[in-house]
Amino acid sequence: MFPVTRVMTAPTFAAQSPSTASDTLDTTMLWIGCILMLLGLLSFGYLRLTKATAASRGFYDKTMLIVATATCSYLAMALGVGSVHPQGINTVADLAHRAFIPRYVDWAITTPLLLLDIILFAKPLLNKGWEWDAVTIAGFDVIMIVTGVVSALLAGTDRWFFFWASVGAYAVVSGYVITLFLKAKRIPERRVAGKLRTLTGYLSVLWLIYPFVFALYFGGVLDGTTEDIFYMVLDVLAKVGFGFILLLGSAVELVDKVPSVAQPAEENTRVRGVKLA
Ligand code: RET
């Protein structure tokens, strides 16, 4: 008797896989994601041409860059590029256990840009040196995504170690956004204050769902198709929905004219009561 080899090739399993209907649904969802991101890109392009001023142009450009990145990533995933099976393909179940690399590349580029949109919009609240806050928050955000992808590629205890590292970085990012939410009412211009509260509140709630989807998928509670549907809806809301909230109305045009309510420069030059300059 020959020993039975457990290693079989992907096409063998694909042919035997009972989840063909679900795979089609999965691919359809990715195509829908791609089309919605593209429609977002066209809409924001139109708004940029018709509404943007010299002061607000940056908000339109960043928002377009965000959905352009997502259009490419969804296109790549819909075409089947970058799907990794972290545990190899030894059983039929392993086929469904996969991570899409383009998704994480997209998030690593777009989530810092989304945060930058919020930080620049909150500028009237920010103290001297805020640029370093922006770098730090974007840095923790990238750590969140990179540890997230490492977690997706590992198995067993190692996976959950990196998962919690990612949650730790997420807590820093989310804590910062919630601080802006709480301080927003200090901004004297009502429309800008209201918009900042909506943007920070919306982002805090949506982003919180991502780690749950991740944990439920890798914990074996959700299947791959359900995971993809969740991420697609979340991504469209977090990018296209967020973009519309940011750009519709007059707040992005006004934010530049709002007087700063940051701490006076005087206090910024003191360390524990000692005047520095
Ligand atoms: C991961 C890994 C597990 C732990 C945490 C995660 C957080 C992901 C987030 C993603 C946000 C994505 C957005 C995309 C926009 O299109 C990476 C799932 C905390 C918060 C907003």
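Which residues line the second largest cavity? In this predicted model, the lining consists of Arg 98, Ala 99, Phe 100, Arg 103, Tyr 104, Phe 218 and Glu 227. Strand 2 (99-100) and helix 5 each contribute at least two of the lining residues. By class, 4 are nonpolar, 3 are charged and none is polar. The volume of this second largest cavity comes to about 40 Å³, and it belongs to a set of 2 cavities of 30 Å³ or more found in the whole structure.

The largest cavity holds about 320 Å³ of space. Its lining comprises 19 residues, with Trp 107, Met 144, Ile 145, Tyr 210 and Pro 211 the closest to the centre. Here the classes are 14 nonpolar, 3 polar and 2 charged residues. At least two lining residues come from each of helix 5, helix 6, helix 7, helix 8 and helix 9.

Two or more residues of the shell around the ligand come from each of helix 5 (101-121), helix 6 (130-153), helix 7 (156-183), helix 8 (190-218) and helix 9 (224-247), and helix 8 gives the most, with 4 residues.

Turning to the contacts themselves, the ligand is surrounded by 14 residues, of which Ser 166, Trp 207, Tyr 210, Asp 235 and Lys 239 are the closest. The shell is made up of 9 nonpolar, 3 polar and 2 charged residues. A polar side-chain atom of Lys 239 sits 2.4 Å from a ligand oxygen, while a side-chain N or O atom of Asp 235 is 3.3 Å from an oxygen atom of the ligand. Of the 540 Å² of accessible area that the ligand has on its own, the protein covers 100%.

Technical notes
Residues are numbered from 1 along each chain as its sequence is written. This is a predicted model: local features need pLDDT of at least 70, side-chain atom pairs count only at pLDDT 80 or more; totals for chains, interfaces and linings use all residues. Side-chain values use heavy atoms; hydrogens and water are left out. A residue is near a molecule or strand if one of its heavy atoms lies within 4 Å of it. A polar contact is a pair of N or O atoms within 3.5 Å; within protein, one must be able to donate a hydrogen and the other to accept it, and residues adjacent in sequence count only if both atoms are side-chain atoms. Accessible areas come from the Shrake-Rupley method with a 1.4 Å probe; for residues, only the protein chains shown count as cover. Ala, Val, Leu, Ile, Met, Phe, Trp, Tyr, Cys and Pro count as nonpolar, Asp, Glu, Lys and Arg as charged, and the others, Gly among them, as polar. On a 1 Å grid over the protein atoms alone, a cavity is a set of points where a 1.4 Å probe fits but cannot get out, and a pocket is an open set with protein on both sides within 12 Å along at least five of seven lines; lining residues have an atom within 4 Å of a point. Grid points are joined across faces, edges and corners, and a volume is the space filled by probe spheres set on the points.
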